[in-house]
Amino acid sequence: MIAKRVGMWYHKRTMKRTTALKIIALLLALLLGLSACGDPHKGMVEVNDGTGQVWITPEAGVPVSTFSQKDFSVDEDGMPVYKGDAFTVMKGVDVSFYQGEIDWDAAAADGIQFAFIRCGYRGYTEGVLKPDEQFEANIAGALKAGLKVGVYFFSQAVTPAEAAEEAAYALKLIAPYQVTLPVVFDWERIDGQETARTNNLDSATLTDCAVAFCQAVKAAGYTPGVYFYRNTGYYGFDLTKLTDYVFWLGTPGGYPDFYYAHTIWQYSFEGAVDGIAGSADLDLLFTPVQKS
């Protein structure tokens, strides 16, 4: 009986050891298998898309941003300052009737060098084109104060034909003025509005709308541009079809962390500028330094 019990104990112990070895062997096989498969993110880059860190596959042919966090510091007001040497930088604002009447001389004296002014918009439900109520006062005041001026049109186009119509409307509004900075297609989804006409617009159509707007602007002799948030830049537009146009990134923060190259960075929605009541959108415009 004792010998039998010892035998059974030895058998059970051996079985347990064998099972453990099989489990270890299986785990090693899995690890080796994963190693053989390689990096699951090979060919991808990690970015912040506005909701958190994600992996994306870079768009072929779209220039990559050369900005890094070390290129920027923060001033005493908590605002980012470019300290690199690859670009010259101008500080500006973007405004609409929401800022009310603006003292542009005071804004210029406060260091504002350029302004992007909303010239018009399309309603997000009925789709009617309208001029911005403060456009004429804003553009005349900004130019008189010596600022460089660009404009943006708040688009809610759902077809390329509508986008071309918006461009024609914007070009007519700006014709009397010296607009030397880009004329920008500013298309945004309307959050929380079930009746917004753009709710179900797909990426391909949105991109075609941007192209239609920008082509009309370019044909008229102006520099075309496209405004977007990180999320729309990564998932909304096909940026491979927009590389001929200026990119204007809207991403408040300490440095512009968008993966692709962009010329204008909207870095704050809550800036303070002399001559503007309440909060103002602040921007930096980057011009590459010409190497001799």
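Biologist: Strand 13, residues 280-288: how many of the nine residues are buried?

Modeller: Seven of them are buried, so strand 13 is largely enclosed by the rest of the structure. Buried means under 20% relative accessible area, exposed over 50%, and partly exposed in between, with a 1.4 Å probe and protein chains only. Strands are DSSP runs of E with at least two residues, helices are runs of H or I with at least four, and both are numbered from the N terminus.

Biologist: What kind of model is this, and how are residues numbered?

Modeller: It is a predicted model, where local features need pLDDT of at least 70, side-chain atom pairs count only at pLDDT 80 or more, and totals for chains, interfaces and linings use all residues. Residues are numbered from 1 along each chain as its sequence is written, and side-chain values use heavy atoms, with hydrogens and water left out.

Biologist: Back to strand 13. Which strands pair with it?

Modeller: Strand 5 (residues 87-95) does, antiparallel, over eight bridges. Strand 12 (residues 264-271) is also an antiparallel partner, over five bridges. Two strands count as paired if DSSP finds at least two bridges between them.

Biologist: What stands opposite leucine 285?

Modeller: Methionine 90 stands opposite leucine 285, and isoleucine 264 has leucine 285 as its bridge partner too. Elsewhere in strand 13, leucine 282 is the bridge partner of valine 93.

Biologist: And strand 5 with strand 6, parallel or antiparallel?

Modeller: Parallel, joined by four bridges. One of the pairs there is aspartate 94 with phenylalanine 116 of strand 6.

Biologist: Which residues of helix 4 are buried?

Modeller: Glu162, Ala163, Glu166, Ala167, Ala170, Leu171 and Ile174. An α-helix has 3.6 residues a turn, so residues three or four places apart point the same way.

Biologist: What covers them?

Modeller: The cover of those buried residues includes strand 6 (114-122), strand 8 (148-155), helix 3 (135-144) and helix 5 (203-219).

Biologist: How many disulfides are there?

Modeller: Zero in the whole structure, a disulfide being a pair of cysteine sulfur atoms within 2.5 Å.

Biologist: Cysteine 119 and cysteine 209, buried or exposed?

Modeller: Cysteine 119 is buried, with a relative accessible area of 0%. Cysteine 209 also counts as buried, at 0% relative accessibility.

Biologist: Now tyrosine 234. Where does it lie?

Modeller: Tyrosine 234 is in helix 6 (residues 230-236). At 10% relative accessibility, tyrosine 234 counts as buried.

Biologist: What does tyrosine 234 touch?

Modeller: Leaving out residues up to four places away in sequence, its contacts include Val47, Asn48, Ile56, Phe258 and Tyr259. Contact means heavy atoms within 4.5 Å.

Biologist: How far apart are tyrosine 234 and tyrosine 259?

Modeller: They are 25 residues apart in sequence and 9.0 Å apart in space, C-alpha to C-alpha. A polar atom of the tyrosine 234 side chain lies 3.0 Å from the backbone nitrogen of tyrosine 259.

Biologist: Last one. How many helices and strands does the protein chain have?

Modeller: Six helices and 13 strands. Buried residues make up 42% of its 292 residues.

Methods. Polar contact = N/O pair within 3.5 Å; in protein donor to acceptor, adjacent residues only side chain to side chain.
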